[in-house]
Amino acid sequence: MEDETYTILPELLTGRPSLGREDTASLDSLFEIIRSLASVFFSCFALFTGLLNVVTFARMDLSQGVNQNLLLLSCFDVWVVATSISADICSFLFKSGYYVIAGISVFRVRLIFLSMVNYPLNSSFVVTTVIALVRCLCVTMPLTFRDIVTPFRQLIIMAVGCCLSISVPLYVHLYSYFYKPQVIINSSHTAMVDPMIRNSLIFDLFRTSFYYTCFIVDSFSIVILSIYLKRSSGFQAASSQAKPKSSGGKRLSAREAQVMKTVLLILAVFFFCNLPLMILSVCRQAIPGFDSSPQYSNQISLLKLFVVSGTFLNVGLNMPVYFLCNSRYRGLVQSMFCRSAPEGKKVP
């Protein structure tokens, strides 16, 4: 009997089918099981940490721009996780045979929740990008920028950015909901472009451009903040060994260094957790037929697994960053879970 040794990894990397139909179906089922288990674990973790972040930042001084922005980011993160969990519940009910509940189509409700994920997800990208830009401009132009862009003005900028980020998805989703398919023929009997296809192309173009822009801005912000924090640390180390007369240069305060480290780690988490999403988007743009060809079905399943896990991890890992870098946040969390623990000192 001929030895048939199948390996999964080469197919995932090269796209060349090395498995039979039954093995491919088994592999798809395996990916679905892993994705479901990962989704349940990471979503519960993300929901708990997201709610903890909202409660904690709501008790902090919201007159400070960074606390206000992080509270808004936490609210959008909880919205993302809640809608994703709701979509997964509908998917589980549909697969279990509950197609209609109380006269409502479970499949249609699932599609609504999947559509709603775009709104808080895009808003979360906007808030993260604004936080990155504000922090970079604060360290590069500290004397002028803080007086111009106050916390209230930052809130207005984020509100406008969030409205713009959800405008195109909202239009496409409403159009698809009320759209009635029909055959459109012009006077020369040449089929015209279906409006649904056109809107789908507009949505894909907007989504790709939006994600790329936010990802590039946040990547450059990571580099700028890392360089500035390293220079400041080197200067503080040198000035601590110098005489008091010569230690009058620029140096970060304890609070400023704490905020910069927090923002830097948040951006790093954002970068690595959303990297699978960027890779999937690049593959869709660079490889013809990537979504429709069965040749890449395993790659798509694997990338979608990382995309879903990365989205939940991006929410869940923010809490350890806040806990490690923000003494006020750490004190409030300890006071909620340990009655005897001190509430923590306010950061000046």
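Tutor: Before we look at the strands and helices here, note that helices (H or I, at least four residues) and strands (E, at least two) are DSSP runs, numbered from the N terminus. The model is predicted: local features need pLDDT of at least 70, side-chain atom pairs count only at pLDDT 80 or more, and totals for chains, interfaces and linings use all residues. Residues are numbered from 1 along each chain as its sequence is written, and side-chain values use heavy atoms, leaving out hydrogens and water.

Student: Okay, which strand is valine 100 in?

Tutor: The chain has 13 helices and two strands. Valine 100 sits in the one that spans residues 100-101, strand β1.

Student: Is valine 100 buried or exposed?

Tutor: Go by relative accessible area: buried is under 20%, exposed is over 50%, and partly exposed is in between (1.4 Å probe, protein chains only). Valine 100 comes out at 54%, so the label is exposed.

Student: Which helix gives the largest share of the nonpolar patch?

Tutor: A patch takes residues with over 30% relative accessible area and no salt bridge, joining like charges within 9 Å and nonpolar side chains (Val, Leu, Ile, Met, Phe, Trp, Tyr) within 5 Å. This one is made of Phe94, Tyr99, Val100, Phe107, Leu111 and Leu114, and together they have about 540 Å² of accessible area (Shrake-Rupley method, 1.4 Å probe; for residues, only the protein chains shown count as cover). Three of the patch residues come from residues 106-116, which is helix α4.

Student: How many salt bridges are there?

Tutor: You need a side-chain nitrogen of Lys or Arg within 4 Å of a carboxyl oxygen of Asp or Glu. Glutamate 256 pairs with arginine 135 at 2.9 Å, N to O, and arginine 207 pairs with aspartate 204 at 3.0 Å. That makes the count two.

Student: How many residues apart are glutamate 256 and arginine 135?

Tutor: Glutamate 256 is in helix α9 (residues 254-273), while arginine 135 is in helix α5 (residues 118-140). Glutamate 256 is buried because its relative accessibility is 7%, and arginine 135 is buried too, at 10%. This pair links distant parts of the chain, with a separation in residues of 121.

Student: And which helix holds both arginine 207 and aspartate 204?

Tutor: Arginine 207 is partly exposed because its relative accessible area is 25%, and aspartate 204 is partly exposed at 27%. They're three residues apart, about one turn, and both lie in residues 195-241, helix α8.
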